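Grab a pencil and work through the exercises below. Try each task yourself before you read its solution.

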Amino acid sequence: MSTEHPNPPDAGPTPSISKRARRLATLVTVAGVLSVGGAVLALRGWGVEQGPALGDKPKQPELFANWPKQKPEVVLVLSGQMYGYLQKCGCSTPQKGGLERRYNVIQMLRARGWEVVPLDLGDVARMTNIPEQALLKYRVAMESLKDMAYRGVGIGKEEARFPLLTALAAYALNNPEPPMLATNVENRMQAFPGAQGSMLQAWEMTPTKSGVAVGAVAAIGSSLRGEIQTLDNSIKFYQGGEGKQSVKDALGEIDKAAKKAKAGAVVNVLLYQGKPESAVKEAMQAAEDVKSFRVILCPTEESESSEPRAKPIMVNNDKTMIIQVGHRGQNVGVVGVFKNAKGELDLHYERVPIGEEFETPAGTEKDQPILKRLEWYAKEVKAQNFLAKFPKLPHPLQGKLEPIIKNLDPTGQKRLAVTYVGSAACKECHPAEYAVWEKSGHSHAYEALDKKASKPSQRNFDPECIICHTVGFEYRIGYFGSGKDEPYLRNVGCENCHGPGSLHGACMPPSPR
């Protein structure tokens, strides 16, 4: 049974399960970390209403200090490669990212009186072990981008994994905002029909009060098209010179629309999807092919430690910026468009890390639209019982012992059965180690989800959280392997690092104590 979807809707949680599993052994103290609804660092010093701060955190540097002092004609906020990280990356502190904080960043810019046009590269959500949950995340993310008044969202290989029609049907079919852009997809109308002809658009033009319009197109480069078509063969691209022409045609339509809107100038933005390792080189070629782009947003390389460039790459005699903003929603790129003394448009850039200083001020959480969506998402995750839908694997030890066990009698088979026994079973022989563990945050890891998490609550029903806060959740013999709660396998215990303890106990002689 699903929970009622509010208006505006609600939603969301966290990252990729495989990465979480790899971090089990290094999970730091988590007790109290998720209780972010208490003392929260407000938007101090950023031109927004102030609230209580978290302790003695270092003061963040002033944003946009090197920009011209006059009001910008328009400000672009650029994001991409979120991969379904609806919240900050991880439970420990400090961590960057989260749609709640991004919303607050954009509101902070608007509170300065700046007109803001947000755009997203794509790869909004990533397919995970539970397809229904991944699709729910995609929907929630898109609803959140609508809350932030995004004016264009591209598509990438992550959307193709769903496949694309499934992802679009989950949101864009009934929601024309924000526009989904795919300029060089040839069969937009036939394969992805919608109320306005297609759920995918070739271009978008956003007029502004200053008279400087923003044009946006999105193209998938040749390095990525084959991989996308392998994931989803329903997507057909323009071939050869037709692809470049489709982009030029879209820019022509943007110019017409801008003139009709009486815009005095247009800042054209290309959302360029290519293989991350070659995306910058391809973006430079795109800038050479079409010199009217002032901004090109392209992917960042996908290594775990990749940080996006702090400054853009300037090409076309410093007229075109090539920008990367990184992964998992940890940063946004902000471009200010200013008129110089000659009346020409100058662009200034700053990468803004989405840190704890952008948390929603304490006492105002109930009015924050993204937090409402996250809370709805958490309730929906519980209602759809995703804990039971997580595909569990046999433990590797079971496979190694199977050739031996199958030749034993029933007593021997039972004695060598691989099971988790819980941390309490370790206490008799290892009292000192157990005492250290019992005083650590690891022994209260489940409580952090069950009782302390508040933005959103009920994280103990989300498999993407539970996998780091219980013992062996990914295995059939681990937490929830029976389809129900096993209290002795709650928390981060001895067996998270040392493996199932049944064999160790079975092979040890009786304790002399």
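**Exercise 1. Find out which residue pairs with Lys-96 in a salt bridge, and where the two partners sit.**

Step 1: Lys-96 makes a salt bridge with Glu-307, and their closest N and O atoms are 3.4 Å apart. The rule asks for a side-chain nitrogen of Lys or Arg within 4 Å of a carboxyl oxygen of Asp or Glu.

Step 2: Lys-96 is in the loop between β1 and α2, while Glu-307 is in the loop between β6 (293-297) and β7 (313-315), so the pair links distant parts of the chain, 211 residues apart. Helices (H or I, at least four residues) and strands (E, at least two) are DSSP runs, numbered from the N terminus.

Step 3: Counting by this rule gives 22 salt bridges.

A word on the source: this is a predicted model, where local features need pLDDT of at least 70 and side-chain atom pairs count only at pLDDT 80 or more, while totals for chains, interfaces and linings use all residues. Residues are numbered from 1 along each chain as its sequence is written, and side-chain values use heavy atoms, with hydrogens and water left out.

**Exercise 2. Work out how α2 and α10 are arranged.**

Step 1: Helix α2 (residues 99-111) packs with helix α10 (residues 369-383) at an angle of about 165°, their axes 8 Å apart. Axes are lines fitted to C-alpha atoms, for helices over the stretch in contact, and angles run from 0 to 180 degrees between N-to-C directions.

Step 2: The two helices, α2 and α10, are therefore roughly antiparallel (under 35 degrees is roughly parallel, over 145 roughly antiparallel, 65 to 115 roughly perpendicular and the rest oblique).

Step 3: Leu-99, Glu-100 and Tyr-103 of α2 meet Pro-369, Ile-370 and Leu-371 of α10, where contact means heavy atoms within 4.5 Å.
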